[in-house]
Amino acid sequence: MTEESTYLLGIARRLGNDFAALPGVCAVMVTGSVALGESDRYSDIDMTAYYHELPPEEQLHVIRMKNRGSERLWVLGDRNDDGFAESYIVDGVHVQVGHITLDAWEQQMVVVLEQFDPATPLHKALSGTLDCLPLYGHELIAQWKERAAMYPDGLARAVVEKHLAFFPLWYLERYLEPRDAVLWTYQSLVEAAQNILGVLAGLNRVYYTTFQFKRMRKFVASLRYVPVGLAERIEMLFAGDIHTAVLTLEELVRDTVALVQQHMPEVDTTKAVRRIGERQEQWTPV
C-alpha cells in the first residue's frame, strides 16, 4: 500500500466510523485506489454507505462538519429514489460518498446478476464491491463479494454479444486519408478498443464498463483468455499512423473473435468478422 493510500484510508476510517454510528446503517466500504492501495497525491476517496433507510440530511451535515468537511461540491441522484452521492473536501482531499438503501442495492445486483444487463454502469459497482475494503458490516459485505464473484454464464454471454460489434474501419483504409477524417477515425478506434475489452471481459467473466475506465494494463493482466500483447497493441491504435492503426485493429478483431469461437462457440460471430481481409475498391467510370 502506498503512503498516500495509508493517509487516505485514515480519513476514510474516520468518516466510516461516523457513518457506522448512524441509525439504520448496514454496511460501509471504501473502494477505488484507496482499497487497492494504489493512491497518489491526485487520488480521491470513494466510499459507499448502505442503510435500511437513508439518514436525514441533518445527520450527514453533522458528520461533514465534525470531520472539518467543506460545503458540498456536488450531489448526484435523488434520495427519493433510495440513493444519492455527495462530494466534499476533508483535510484537502476530495471525498465522494454514495448513500443507498439495502433494498435499492439488492435490486441493482439483480439487474446485473439475474437480469443480465450487459451495459449498465452497475458493473463498476460490482467490481468495486469485489475490491473494496469493508469498514463496517463485514459479514454482509462478504456475502456481496461472494455473490459478485459468481459471474453467471448468462451475463457472460450477454456481455460478449453486446460488445461483439466492430465497425470495419480497415475496409475503408484507402477512403479515409484524403477525407480529413481524423476525428471519426479515432472515435472508431476508441469504440473498437472498448468493444474488444468488453468481449474479453465477458469471455473471462470479469466486470467491465467504459465509464471512467482506468488501469488498462492491470485489467488486461487479470484476463486468462486474451490476444497476445493486447495492451501494447491497443496502445498502438493511438500511437502511430492511421495505416498501422487500422491494420492493428483488424488483427485484434480477428484474434478476439477467434477466442470467442473457441471458448464460447454458441455465440454467432458472423457479423463481427465481416469484411476482415477486404478493402474498398475504387469505382471505374463506365
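The protein chain has 12 helices and six strands. Helices (H or I, at least four residues) and strands (E, at least two) are DSSP runs, numbered from the N terminus. This is a predicted model, where local features need pLDDT of at least 70, side-chain atom pairs count only at pLDDT 80 or more, and totals for chains, interfaces and linings use all residues. Residues are numbered from 1 along each chain as its sequence is written, and side-chain values use heavy atoms, with hydrogens and water left out.

Now the overall picture. The C-alpha trace spans about 80 × 40 × 35 Å along its principal axes. Of the 286 residues, 47% are buried. Buried means under 20% relative accessible area, exposed over 50%, partly exposed in between (1.4 Å probe, protein chains only).

Next, helix 4. This helix covers residues 102-113. Its 12 residues should span 16 Å at 1.5 Å a residue, and its end C-alpha atoms are 16 Å apart, which agrees. The expected span is 1.5 Å times one less than the number of residues. Its buried residues include L102, W105 and M109. What covers the buried residues of helix 4? Strand 1, strand 2 and helix 5 are among the elements that do. Contact here means heavy atoms within 4.5 Å.

On to N67. It sits in the loop between helix 3 and strand 3. N67 is buried, at 2% relative accessible area. Its side chain makes a polar contact with the side chain of D18, at 2.9 Å. A polar contact is a pair of N or O atoms within 3.5 Å; within protein, one must be able to donate a hydrogen and the other to accept it, and residues adjacent in sequence count only if both atoms are side-chain atoms.

Last, charges. Side chains of opposite charge can pair when their charged atoms come close. The structure holds 21 salt bridges. Each is a side-chain nitrogen of Lys or Arg within 4 Å of a carboxyl oxygen of Asp or Glu. Take E86 and R64, which meet at 4.0 Å, N to O. E86 lies in strand 4 and R64 in helix 3, so the pair ties together parts that are 22 residues apart in sequence. E86 is buried, at 0%. R64 is buried too, at 5%.

Now compare E281 and R174. Their side chains meet at 3.6 Å, N to O. E281 lies in the segment after helix 12 and R174 in helix 8, so this pair ties together parts 107 residues apart in sequence. Are these two buried or exposed? Both E281 and R174 are exposed.
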